[in-house]
Amino acid sequence: MFLPQSQAAFRTLRKATPRVRLFFINKNAYSTQVEYKPIRSVLVANRGEIAIRVFRACTELGIKSVAVYSEQDKMHMHRQKADESYMVGKGLPPVEAYLNIPEIIRVCKENDIDAVHPGYGFLSERSDFAQAVIDAGLRFIGPSPKVVQNMGDKVAARIAAIEAGVPIVPGTDGPVTTKEEALAFCQKHGLPVIFKAAYGGGGRGMRVVRKMEEVEESFQRASSEAKAAFGNGAMFIEKFIERPRHIEVQLLGDKAGNVVHLYERDCSVQRRHQKVVEIAPAPRLPIEIRDKMTEAAVRLARHVGYENAGTVEFLCDESGNFYFIEVNARLQVEHTVTEEITGIDLVQSQIRIAEGMTLNELGLTQEKILPRGYAIQCRVTTEDPANDFQPNTGRLEVFRSGEGMGIRLDSASTYAGAIISPYYDSLLVKVISHASDLQSSASKMNRALREFRIRGVKTNIPFLLNVLENQKFLHGVLDTYFIDEHPQLFKFSTTQNRAQKLLNYLGEVLVNGPQTPLATSLKPAEVTPHVPTVPLVTAPPQGLRDIIVQQGPEAFAKEVRSRKNLMLMDTTFRDAHQSLLATRVRTHDLLKISPYVAHKFNNLYSLENWGGATFDVALRFLHECPWERLEEMRKRIPNIPFQMLLRGANAVGYTSYPDNVVYKFCELAVQTGMDIFRVFDSLNYLPNLIIGMEAAGKAGGVVEAAISYTGDVSDPKRTKYDLKYYTNLADELVKAGTHVLCIKDMAGLLKPESARLLITAIRDKHPDLPIHVHTHDTSGAGVASMLACAQAGADVVDVAVDSMSGMTSQPSMGAVVASLQGTPLDTQLSLNDVSEYSAYWEQTRTLYGPFECTTTMRSGNADVYLNEIPGGQYTNLQFQAFSLGLGDFFEDVKKAYREANFLLGDIIKVTPSSKVVGDLAQFMVQNHLTSEQVLERAEELSFPKSVLEYLQGYIGIPYGGFPEPLRSRVLKDMPRIEGRPGAKMEPLDFDKLKAELKESHSNITDRDVVSAALYPQVTNEYLHYREQYGPVDKLDTRIFLSGPKVGEEFEVTLERGKTLSMKALAMAADLKANGNREVFFELNGQLRSVHIPDKEAMKEIRVHPKANKTLKSEVGAPMPGDVIDIRVNVGDKVEKGHPLVVLSAMKMEMVVQSPISGVVKKLEITKGMKLEGDDLIMVIE
């Protein structure tokens, strides 16, 4: 569109002697003598993307570009894009630096600058700046100072519009400065009206008023805002046009009085009077209205003697009437869409007009300017649309833009590592699309925005995408109410940002060490377990689950009982690793072997793979969702029944819950893929058991009621739990409707002879009932006992694959399979398949070296018949003892466990009752107490919280009742619960809980709600962790536990078809000033870095005082742990036994009670503080 056909020709023209032309023009304000004088250098008195936009135009024209920058912008991209750059406003606040007219003029004079371009914002509409530029002998690339002044004054602009015959909205003749004047206008002209700042724009100081009683307050608020923004609180008042479109016309005028329009833009998509999306040309605008509007704009420009680029803004109502709003005597943010549809470079045109070229010489006559297609501009800002568009600042960790045909980007600091400061506008990048029609342009924009990857700060891209997909927008049905009337625009799907979150996690591990507590000094092995292959294109063979799904639980039970061979349940996926590896096996490794299990072990009775301790450990230590584990296993193993451990009324928790929580849990478990519920109660307390059975049955699951076994039915001296006790309990469970009966031998106490006696007795009474026996191989007699059970009439026994069997786990699968080959009880499993399965777990087990039970336990131990420690608790208790500093005293802990059991009444020991016994045992060893001393000093000791709750009755009533006088001495006047704990609890309000979770977390599901109902604090911490670090469950186990080695390359598969390639490059040796350490990675071939706070380096050196054990007034920590609750304040009166503080270590919580009566004189702790044993907690006087 430009007259010169080449850069060479233009540069020749630039060097020519200045020419003088005479024009005879009758219009006021235009010079009759136009001088052409080339511009050799341009200083842009601005920053950011508009500065770069002007620099690019200068470079294309062969003109030197010069930048100014504030002290805070010394690293900003616009400084680097210019040929020269100079600091202005040193020592001034960031914005004031760019408003410092004398300094900007000084830079121009000192560096031989020819012209100044103001950009937009800052000084662009200051007539005094334009005048200062001209007075300094420079050229101002924009309208004359007089025009800038008159058009910036809304009153003067309104008068000019009236004189030019341009329609205006009824309004005040001049600025209004008092609320009384405002009220008088409103009473005279009626409502609604709009208050607008008389000396500024951009939506600041703007209010719409529809009620007379709101006039005064709205005026004061608008005036105050205008004064803060523009230095003058004067307001202009206009009649408010309902449902208008905001349409503006782009103009170019030269010094010879020629004015052309470049068609219009629709800026109706606004939020709080701020433009969000702009379109050119305005869609669905009748041609006759467009022509009238553009003609009026040109007429006004000629009337005021307008030159250079500018915009006339109009409101257009539903009837096609349009009204003048204002003139923007500068380039606008949205000039880009006009450039796209006309092909005219507005900035280059501005410069050439400032040089003295006419529109005719530039080839810019009206008939040659034609619109082509539609262009859309989206302003991508660093604002959080989910938080009322609050500006977001920080470091751009990742920046990847959308590009391609029909997409233009105008930006500045858009690169990884850029700092988004709070000092300036939140605009990050302008994205402009251009296509033949509106829908195609919107489609290109949508695609481009979806290609963007911006991490480190929030952006408004989710909001922009919603706008672009709105049907009214796509059809051009727009007005200024568009955003307000479409609340769905504010419903966002949260970006996952998984890769960057994982880098943050890996950086955290590399800087601060493992993010899940490691129990030993052993490292995860550097091995990639071999996964035996199966034909994944072929569906696995049918299994017993098909019967459950097609015919229901009763048919399933009947089928199990009808089979003559012994059936097996494989515990490798749950109880085996709970027993051997502290429940730490991750979903990642379970899923790898799942297809093999589905294809090779379809004859299994079930796969025990969920519930029990795996639920909270997944959340608490593995930072993964147990529900997702269940769901993903079910996808890979559709044919084998899944079995879970349900702690009766305790669900998968350690305390009692409202009944509706247990019911909801079971319902959700079945929906997610669970089949069989092995329901037990830690005290064999029937009311608790039956609640669990009813909940599982109502959910549609197979009810397998379990009798927890302790004692020895073959020993006539053990009379509390004799054969009659167990057969009577079995009768009650059958009466309650169990589909399958389970004997849960959680400590491995069931000797072969005891097994024969027990199973025979139950089988004789219930010949049609399937019997399932669960045991642990702690003593080494597990295989013999299970074979005895099978021969006595049991239908199912538990085993674990060989490499995950023995010791505190279950008996060996291979041993049982081999022992029964060729007999009527043949399991019909292949030893070769078992061997391959075992080989995978043998390698995988080495990844969990830090949790390996063989670190401290070299073999099985028959002393389990004495201490009766459950297998699933044994290793956890061992690691817990190590964490409490009792590792060298574990033999003492085992002996204390036996004593604690009898102190508590010789109870059934399985979670959570086993935890009560374990906590008391460790408490006794930690404080060097015998059982006699515990009984003697019961009134003054600070017992573990679990012991107190057990004695209060929170987990039910033990067989034979509570131990006395221990209970009375410990509890004193503490409340007691009679009967089933959950019976008196109010139903949980799930909707309320969900709403509370949504206040703190995004994407809350029903699964999260149920998890939070069971484990409020643990779930809350997990959700925070997930939001901070993403899907850490997708990392290989060694990488998850101890992080990658520097230089190590590895892959992370997020989902099918999406794999990340990662490489750890380096960790900075020096700390940042804020204590952060920079860690460098390569992600999919691109350099990334994360900043991680170095917790060790940031620690303040402080030695916590220890309690003097000889002084009862000093209360010390009875164990190492975290302070999770402080129940008293300084000055509080306390009685002996009053709860003071709650400590937590691992899963054990303890209430520290006051050893004496008195007044709290001094507190030495804060919530969240980590304490060592004997650290001083408080002083009581």
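Here are legends for a handful of close-up views of this structure.

**Before you look.** This is a predicted model, where local features need pLDDT of at least 70, side-chain atom pairs count only at pLDDT 80 or more, and totals for chains, interfaces and linings use all residues. Residues are numbered from 1 along each chain as its sequence is written, and side-chain values use heavy atoms, with hydrogens and water left out.

View 1. Look for Arg 330 in the loop that links strand 15 (322-328) with helix 12 (335-342). Helices (H or I, at least four residues) and strands (E, at least two) are DSSP runs, numbered from the N terminus. Arg 330 is buried, at a relative accessible area of 15%; buried means under 20% relative accessible area, exposed over 50%, and partly exposed in between, using a 1.4 Å probe and protein chains only. Setting aside residues up to four places away in sequence, Arg 330 touches several others, including Tyr 120, Ser 124, Glu 125 and Tyr 306. Contact here means heavy atoms within 4.5 Å. With Glu 125, the side chain of Arg 330 makes a polar contact of 2.9 Å. A polar contact is a pair of N or O atoms within 3.5 Å; within protein, one must be able to donate a hydrogen and the other to accept it, and residues adjacent in sequence count only if both atoms are side-chain atoms.

**View 2. Asp 345 and its partners.** Asp 345 sits in the loop between helix 12 and helix 13 (346-355). Its relative accessibility is 14%, so Asp 345 counts as buried. The side chain of Asp 345 joins that of Arg 53 through a polar contact of 2.8 Å, and also reaches the backbone nitrogen of Val 347 at 3.1 Å.

View 3. An unreviewed UniProt entry lists Asp 575, Lys 744, His 774 and His 776. They span 202 residues in sequence, but no two of their C-alpha atoms are more than 12.2 Å apart, so they gather at one spot. Asp 575 belongs to helix 20 (residues 575-580) and is buried at 2% relative accessibility. Beyond its neighbours within four places in sequence, Asp 575 is in contact with Glu 608, His 774, His 776, Gln 810 and Gly 872.

**View 4. A closer look at His 776.** You'll find His 776 in the loop between strand 31 (771-774) and helix 28 (782-792), buried at 3% relative accessibility. A polar atom of its side chain lies 3.5 Å from the backbone oxygen of Met 746. Among the residues His 776 touches are Ser 579, Asp 745, Thr 808 and Gly 871.

View 5. Two strands pair if DSSP finds at least two bridges between them; 2 bridges join strand 39 to strand 42 (residues 1158-1163). Look for Lys 1133 opposite Val 1159 in strand 42.

**View 6. Cys 267, a buried cysteine.** Cys 267 is buried, with a relative accessible area of 0%. With a disulfide taken as a pair of cysteine sulfur atoms within 2.5 Å, the count comes to 0 disulfides.

Notes
UniProt positions are given in the numbering used here, feature names are shortened, and annotations may be inferred rather than shown by experiment.
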